[in-house]
Structure formats: structure tokens, C-alpha cells
Amino acid sequence: MTTFEERDGGFRVVVERHFPHPIEKVWRAVTEPVHLSQWFPAPVELELTPGGAMRFPGFDGAEAVGVVDTVQAPGLLVFTWGSDQFTFTLTAEGDGTQFTLAHVFDDRAGAASFATGWETCIGGLAALIAGTEMPTAEPGFARHEELVSRFGLDRPDVTEDECGWTLRYERQLVCPAQVAWNAWFGTDLVTLQQRRAPAVGEPMTPAQAPEVVLGYVTHAEEPHRLALDLAPDVPGDHLTLEFGEGTGHGARVALTVTGADSGQRSPAEGEWGAGAIGGLAEAGLAWASGDGSV
């Protein structure tokens with residue numbers, strides 16, 4: 001079972017698995033470096049004692065170190081890795097062991113990516129404990145998109161004040177920024193060529209309905225940032241689309257729409273949420289799946 005929740009101002013992903021093996025065997029697999037190196041995202045060096053240092057040689061920079069917070073063999077290990085906290089909980093159940101991995105972090109938009117990665121890792125842990133061949137690590141693009149929806153990560157942050165409302169979508173994609181940028185502008189229906197961003201001051205139109213003006217470009221920096229003043233019959237007043245660094249799955253997209261008319265907020269969620277951001281996610285998944293749709 002895999003779950004996601006907001007907790008104490010941060011966010012937590014929990015992945016649970018039952019292993020038909022004694023708790024002592026599972027404990028060794030999740031605490032000894034020689035075993036961790038076979039299923040964990042990086043090799044691990046650790047002093048298995050409270051306050052003990054941890055290193056993750058496969059990662060660079062300050063994020064490649066951690067500290068052991070709690071050790072209660074063979075049932076509990078708590079440690080930090082960079083700014084994130086991890087808890088391994090083991091409980092003997094009959095002839096087997098219930099294993100729970102909890103990951104606490106502050107990057108909400110990365111939750112589905114983290115969960116997908118941990119599910120893959122625990123698949124490797126299961127093979128290690130069973131002594132079977134390690135499975136091929138799959139990127140899990142479709143699973144990522146499934147978890148984005150299940151975790152509610154495709155919903156906007158909504159704020160309102162005396163000036164109006166703001167919708168902000170921040171979402172992890174499974175494709176690079178350039179692929180998503182191209183998908184945003186689409187293919188010309190006549191020439192079948194990739195459409196480019198209009199210049200500042202020119203109208204922005206959708207590929208499927210080039211006679212419709214969505215707005216006028218105020219900033220265009222391929223493939224990182226696009227800003228529009230929206231047309232009068234389009235919900236919202238201003239839109240900003242940004243692509244940046246994400247998790248290992250691909251780029252991170254942030255779309256912000258502001259408006260002064262409260263009656264346009266709900267239509268804007270449909271237009272820019274399920275419509276625009278949902279379309280980018282579908283295009284990214286099609287690209288990652290290699291079906292040539294983008």
C-alpha cells in the first residue's frame with residue numbers, strides 16, 4: 001500500500017510491504033550497507049547508532065550526507081538524508097514481517113515521483129530478501145501519473161484577496177522541459193511543423209483552433225517561461241507558464257493564472273487545470289512511453 005499525506009507543515013509518503021521472512025533477516029537487509037547498496041537509491045555508509053553519520057556516495061553535494069536519529073533493532077530505524085527524514089518500521093507478523101518506509105519532505109509536487117521510486121526500490125528489496133534475481137528498474141511513468149491523480153497533485157493552490165484570485169498549479173512531468181514546451185504550442189495543422197512561441201505582443205492561439213486568440217504574449221523564453229495577457233473572453237487576466245528543474249522523472253511545470261472577476265475562477269480551473277496542465281501531462285506520458293505522440 002502506498003499513501004500520501006500533509007503532516008506538520010510538510011508532506012509524507014508511506015510505502016508498506018509484507019515479506020514472508022523473519023524480522024531479523026529483513027532488518028539486516030535494510031540496515032547493512034552491503035545489502036542497502038543493492039536496493040536503496042544510492043550506496044550507503046552509516047554508523048548504526050543514534051547520532052551516527054551517514055553518507056550516500058552516489059550523490060553529490062551537501063545532500064549526500066545524513067544522520068542516524070533512532071535505532072531500535074530489529075524494529076525501527078530513523079535517519080535524515082539532506083533535509084528529508086526517513087523511517088523504517090519492521091513488525092513481526094506470524095512467520096513474516098510487515099515493513100513500512102515513511103519519507104517526510106517539503107517538495108509537495110515531487111510526492112508521486114518519490115513514491116514511484118520507493119515502490120521500485122522495495123521491489124528490489126523483496127528480491128534481495130528472497131534471494132531471487134533483481135528486477136529491472138523501470139521508470140514507472142504510468143504509475144507516476146496514476147499517483148499524481150490519486151494524491152491530488154494535479155489540483156491548484158487557490159488564494160484570494162481584495163484584488164482577486166490566483167490559481168497556481170505546480171506539477172512534476174515525466175518529460176524534459178523542451179518536450180513540454182513544444183507540446184504547449186503543438187503542431188501546425190496545415191504544415192505539420194512544430195509551432196513556435198509568438199513574439200512579444202503577438203497573439204497566442206491553440207494548435208487545434210488557430211482562429212481563437214487566448215491572449216497576447218508579454219514574455220517568451222524558450223523553453224523556460226511564457227507570460228500572457230489573456231483575451232477578454234478567456235477566464236483569467238494574466239497567465240505565466242514556467243518549466244524548471246524537477247525530480248529525476250523530468251521537468252517541473254508551474255502555471256499561474258490570476259483574475260479579478262470571481263465568476264471566472266471556476267471556469268479557469270477547467271481551462272487551465274484539466275485542460276492545459278492535464279494536456280501537458282498526457283503529452284509528456286506519451287513521449288515517455290515512446291509512442292511518438294509528441
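Colleague: Where is the place of Pro-74?
Modeller: In this predicted model, residues are numbered from 1 along each chain as its sequence is written, and side-chain values use heavy atoms, with hydrogens and water left out. Local features need pLDDT of at least 70 and side-chain atom pairs count only at pLDDT 80 or more, while totals for chains, interfaces and linings use all residues. The peptide bond that leads from Ala-73 to Pro-74 is cis, with omega near 0°. Counting helices as DSSP runs of H or I with at least four residues and strands as runs of E with at least two, numbered from the N terminus, Pro-74 falls in the loop between S5 and S6.

Colleague: Which omega does the peptide bond from Glu-222 to Pro-223 have?
Modeller: Most peptide bonds are trans, and most residues other than glycine have a negative phi. Pro-223 belongs to the loop between S12 and S13, and the bond that joins Glu-222 to Pro-223 is cis, with omega near -10°.

Colleague: Is Asp-8 buried or exposed?
Modeller: Asp-8 sits in the loop between strand S1 (2–7) and strand S2 (10–19), and its phi is near 50°, a positive value in a residue other than glycine. Buried means under 20% relative accessible area and exposed over 50%, with partly exposed in between, for a 1.4 Å probe and protein chains only. With a relative accessible area of 80%, Asp-8 is therefore exposed.

Colleague: What is the relative accessibility of Leu-192?
Modeller: Leu-192 is placed in the loop between H5 and S11, where its phi is near 65°, again a positive value in a residue other than glycine. Leu-192 counts as exposed because its relative accessibility is 64%.

Colleague: How far apart are the ring centres of Phe-56 and Trp-81?
Modeller: Rings of Phe, Tyr and Trp (its six-membered ring) pair if their centres lie within 6.5 Å, with planes under 30 degrees apart called stacked, over 60 edge-to-face and the rest tilted. A search of the whole structure gives 18 aromatic pairs. Phe-56, in the loop between strand S4 (53–55) and strand S5 (65–72), and Trp-81, in strand S6 (residues 76–81), tie together parts that are 25 residues apart in sequence, and both residues are buried. Their planes meet at 15°, so the pair is stacked, and the centres are separated by 4.1 Å.

Colleague: What is the angle between the planes of Phe-88 and Phe-99?
Modeller: Phe-88 lies in strand S7 (residues 84–93) and Phe-99 in strand S8 (residues 96–105), so this pair links parts that are eleven residues apart in sequence. Both residues are buried, and they belong to one aromatic cluster that also includes Phe-19 and Trp-118. The pair is edge-to-face, with 5.5 Å from centre to centre and an angle between the planes of 65°.

Colleague: At what angle do the axes of helix H5 and helix H6 cross?
Modeller: In H5, Val-179, Ala-180, Ala-183 and Trp-184 meet Trp-272, Ala-276, Leu-280, Ala-283 and Trp-287 of H6, where contact means heavy atoms within 4.5 Å. These residues divide into nine nonpolar, no polar and no charged, with Ala, Val, Leu, Ile, Met, Phe, Trp, Tyr, Cys and Pro counted as nonpolar, Asp, Glu, Lys and Arg as charged, and the others, Gly among them, as polar. Axes are lines fitted to C-alpha atoms, for helices over the stretch in contact, and angles run from 0 to 180 degrees between N-to-C directions. The axes of H5 (residues 177–185) and H6 (residues 265–289) come within 9 Å and cross at roughly 125°.

Colleague: How many of the residues of H5 are buried?
Modeller: The buried residues of H5, among them Trp-181 and Phe-185, pack against S11, S12, strand S13 (225–230), strand S14 (238–244), strand S15 (252–259) and H6. Just after H5, Gly-186 takes a positive phi of about 75°. H5 is mostly covered, and of its nine residues the number buried is seven.

Colleague: With which residues is Val-213 in contact, leaving aside its neighbours within four places in sequence?
Modeller: Val-213 is in the loop between strand S11 (203–204) and strand S12 (215–221), and its relative accessible area of 27% makes it partly exposed. Apart from those neighbours, Val-213 touches Pro-203, Met-204, Thr-205, Ala-231, Asp-233 and Val-234.
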